[in-house]
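Please look through the sequence and the model below before reading on.

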Amino acid sequence: MQIPAVFQPPFRLLMGPGPSDVAPSVLKAMSGPLLGHLDPVFVGMMEEIKIMLRQVFQTQNEMTFPVSGTGSAGMEFCFVNLIEPGDEVVIGVNGVFGTRMVDVAERCGARVVKVEAPWGQIIDPAKVAEALKQCRPKLVAIVHAETSTGALTPVEEISRLAHDAGAMLLLDTVTSLGGCPVKIDDWKVDAVYSGTQKCLSCPPGLSPVSFSARAMEVARQRKKKVQSWYLDVNMLASYWGQERVYHHTAPITMNYALHEALRLVLLEGLEARWRRHRDNHTALRNALEVMGLGLASQEGHQLWQLNAVTVPAGIDEAAVRRRLLTEFNIEIGAGLGPLKGKIWRVGLMGETSSRANVRKFLTAFCQILNEGGYKVATDAALAKL
Ligand SMILES: Cc1ncc(COP(=O)(O)O)c(C=O)c1O
């Protein structure tokens, strides 16, 4: 094979379910000189990442650090450390990622009791209460922001139910962290994982996680060793803790990027960042309403960072996405599972969430819909911004 030319990625506006756009300073951070992963300067930066992550997760948990791997690695990290064969686990399933949690938990040997909701709806606490009565649960796991459907499940009530039943609470915050309130200590979450590529606006590759003292105790008191060497929290604790015992070679430049992305989150301020996500979502939603388009997720529980836009009858969902990408350099996402062909997933995550980007998207989207025969009043829609 001939050696290919240097790869030159085009500039896209990333308005799908992630990754989101990244600030230039985050990309610049990644091109800094490499350090050894046990270099004291790198180790100092790791400490700052841990401190900033605690602020973003709103937790005092000592065991807070980024797992090397994407959000799914964070999911596995939580289950492999907390679950042993025969343990009973209640999992909320209302989309792709609740479904994935069930798969991961079952691979750990858990007996899973599912609490299902139609895709687009939130997990009903009353159903969680019922499920808790059917077993002796060690853990309740829910996805906070279901990226596949655009629904945000409230955490506090489910947390109370889980703890009253003697179980720990595990929360997926891959899409919520940095884009809407996530309050790990206030909500008494025992184990949480996230991803870097959504509302933190960092490339994919790390999974911030946090374990409460109780979760750490459970991991320490296991009857059997964690089946995953790579994700064993007891070993990772020695790497990310004070001892700095070699475990694996941390992805150096990804950690530079996360350091810069977290700095930007904290410089903006969590409250201001959440407000920005809320306001741009509201603007998009108001404009879509003028166009006769709605959101497929449950009213009152719609994500600010991921909008599941219902595809109107007679419109070819895939063709619209293709034109947005190839003619306008705008990426949006498709529906998955039962929502395939029925929704577009329009992400307004992190850096991507701006009024200018909503305008850019709507201008192109209206043109494509009009040319496809679905007539919309572009000016009236844009006037809502
Ligand atoms: C809610 C949620 N959980 C987990 C994941 C898995 O993360 P990753 O694709 O980074 O492995 C995703 C990815 O989109 C997600 O949206």
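Helices (H or I, at least four residues) and strands (E, at least two) are taken here as DSSP runs, numbered from the N terminus. This is a predicted model, in which local features need pLDDT of at least 70 and side-chain atom pairs count only at pLDDT 80 or more, whereas totals for chains, interfaces and linings use all residues. Residues are numbered from 1 along each chain as its sequence is written.

The protein chain is assigned a domain 1 (24-266) and a domain 2 (270-382), with bounds that come from an automatic or database domain assignment. Taken over C-alpha atoms, the centres of domain 1 and domain 2 are separated by 29 Å. Between them, 22 residues of domain 1 are in contact with 22 residues of domain 2, contact meaning that the C-beta atoms of two residues, placed from the backbone, lie within 7 Å. On the side of domain 1 that touches domain 2, the residues divide into 11 nonpolar, 10 polar and 1 charged; here Ala, Val, Leu, Ile, Met, Phe, Trp, Tyr, Cys and Pro count as nonpolar, Asp, Glu, Lys and Arg as charged, and the others, Gly among them, as polar.

Strand β11 (residues 306-310) is mostly covered, as 4 of its 5 residues are buried; a residue is buried if 20 or more other C-beta atoms lie within 10 Å of its own, exposed if 12 or fewer, and partly exposed in between, with C-beta atoms placed from the backbone. Strands β11 and β14 (residues 343-347) run antiparallel and are joined by 5 bridges, where pairing requires that DSSP finds at least two bridges between two strands. Within this pair, Asn307 stands opposite Val346 in β14.

Some loops deserve a separate look. Most residues other than glycine have a negative phi, and most peptide bonds are trans. Asn329, in the loop between α11 (317-328) and β12 (330-331), has a positive phi near 60 degrees, and Asn329 is partly exposed because 14 other C-beta atoms lie within 10 Å. Lys188, in the loop between β8 (168-172) and β9 (191-193), likewise has a positive phi, of about 55 degrees, and counts as partly exposed because 17 other C-beta atoms lie within 10 Å. A cis peptide bond, with omega about 5 degrees, joins Gly18 and Pro19, and Pro19 is placed in the loop between β1 (13-14) and α1 (24-30).
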